[in-house]
Structure formats: C-alpha cells, structure tokens
Amino acid sequence: MAEIKYEYKTVQTVRGAGGLVISKMQKDGWELVEQNQGKLRSTLDFRRPKKPLPRMLIGTTVGGLALLVIVIGVAAALEDGGDKEGESNKPTVASTSAAPSATSTPTAAGSASAEVITPQNNPEFAALLKTPDSCDSTNPDFATKYKGRTVAFDGSIVHMTPHGDNDTRYDFLLGPGDQGPKTGIGPAFKYEDVNVLDLKLGSNNPTTVRAGDTFRFVAEVGEFNADQCLFFLDPVSTGTR
C-alpha cells in the first residue's frame, strides 16, 4: 500500500477566531494536527493528503510541452522573416503623454471613485454586512474589487487586545450593528496595530474605548486574509452615534 503524502499549512489567528478558521479549513479538506493557544494569538497546524497527478495528465503535459517547443520555433522563424522586410511596415503608435487641458472637468468615473461606499449607495457592501459567515466568499470578492476605497458603516467593537507586548497599541475586531462581542453576522473587520489616536475620534468623542462601544466607522478597504477569515481595514475616522 502506497504511503500517504501530506501537505502542511500553519495559520495564526487572533484569540477567539480559531473556531471560524478551523471550520473553514476543514471545509477545504484540511485536518487540524495541533493547536497552540498563546496569550493573544493561536497557532493552528493543518495537513491534508496530497493529490496524486493522474498518469493521463502527465502524458498530456509532456505532449503539450513538445507542442509548445514547435510553436516557439515557428514563431521565431516568422519573426526573423518579418525583421527583414524593413522598418516601413511597422505600425505607428500614438503618444498618450500629452498634458490635459486646463479647462478639463472631472469625469463621472473619477467622481464615483472618490465616493464613500455605504450600505445605502452600494448593494454589494449592504450584502457584505449581512453575510452569516465571516469566511464567506463575498469577503475576498469585495476586498479585491474595492481595495483602497473608503467605506462607512454603523458598527461596534467586538473585541480589542494589546498588539504584541505594547500597552498603547491594539488590535480591534469590528462588526456591523450594535451587538459588540455578541455580533453574529457580517465580516470580522480588523484594525491591526493602532492606538486610540489612530481612530480619529474627534474633539467631542471619548478618549477611551472598549469592547461593546458603538461608532460610525469610516475606513479604507485593505486585504482579506482567507486563512484567518479577517477583513483588514485602515481607520480614517470614528464618530459616536
């Protein structure tokens, strides 16, 4: 009987989010091998059997490589022939470096790109905030499409913990709605390695925050970490509601 060969993956997640990550990885065929619980983060080790490469696919691959060599050879011959016909047959390329007119006005596309995304003006964002699973495929799709754009939503602090050994910088988990630690829908939004000043609370807002506090969050869209099911944001401003 052939020996089973495995591939391995190690995932780090913030404390309290391990269950979601394990569930997501198991759906993809990974088996939890070991779990180490730290003070602030958990380290999860997974493995899954490697899929053997079918013999038919191996043969197809070899044949495809041979065909590729032939095609490259023909293309090289055609290119050499084309070079000998002289420069007169080369297409003219128009320059696009001309300076824009001083009287030009912003395009509709430019105005749209500057618009802050809210659940009221963007159906995709409204649907994202209502997803029942923080590992849902809606998260990476939205992050890819709108990375660098600004979003605004009513939410609350689900969890906050010091970043590493720092006493003044924190990792925040945010969720839509007013449920704080009891939030059960939407993405697991994360502000990583920020202090209270980075939240830009404003002069009329509190100088301290805690889990359960509700705010109007305005943030820039960052990456979605599919292994940890965390949707990273960068704070722009934070207002009380």
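First, the basis of what I report. This is a predicted model, in which local features need pLDDT of at least 70 and side-chain atom pairs count only at pLDDT 80 or more, whereas totals for chains, interfaces and linings use all residues. Residues are numbered from 1 along each chain as its sequence is written, and side-chain values use heavy atoms, with hydrogens and water left out.

The secondary structure consists of five helices and eight strands. Here helices (H or I, at least four residues) and strands (E, at least two) are DSSP runs, numbered from the N terminus. Read from the N terminus, the order is β-α-β-β-α-α-α-α-β-β-β-β-β. Of the 241 residues, 30% count as buried, where buried means under 20% relative accessible area, exposed over 50%, and partly exposed in between, with a 1.4 Å probe and protein chains only.

Let me turn to the sheet. Three strands form an open, antiparallel sheet in the order β1-β3-β2; two strands pair if DSSP finds at least two bridges between them. β1 (6-14) and β2 (31-37) are the edge strands, each with a single partner, so one side of each has no neighbour in the sheet. On average, neighbouring strands of this sheet are turned by 20 degrees against each other, direction ignored. Axes are lines fitted to C-alpha atoms, for helices over the stretch in contact, and angles run from 0 to 180 degrees between N-to-C directions. Nine bridges join β1 to β3 (residues 41-49), and V14 stands opposite R41 in β3. Helix α1 (residues 18-27) lies across β1, β2 and β3, at about 155 degrees to β1; contact means heavy atoms within 4.5 Å.

What joins C135 to C229? The link is a disulfide, with an S to S distance of 1.8 Å; the criterion is a pair of cysteine sulfur atoms within 2.5 Å. By that rule the count is one disulfide. C135 lies in the loop between α4 (123-128) and α5 (138-146), and C229 in the loop between β7 and β8, so the pair ties together parts 94 residues apart in sequence. The link is right-handed, with 100 degrees about the S-S bond, and both C135 and C229 are buried.

The loop between β7 (214-225) and β8 (230-240) also holds A226. A226 counts as partly exposed because its relative accessibility is 34%. The C-alpha atoms of A226 and N139 are separated by 8.6 Å, although the two residues are 87 apart along the chain.
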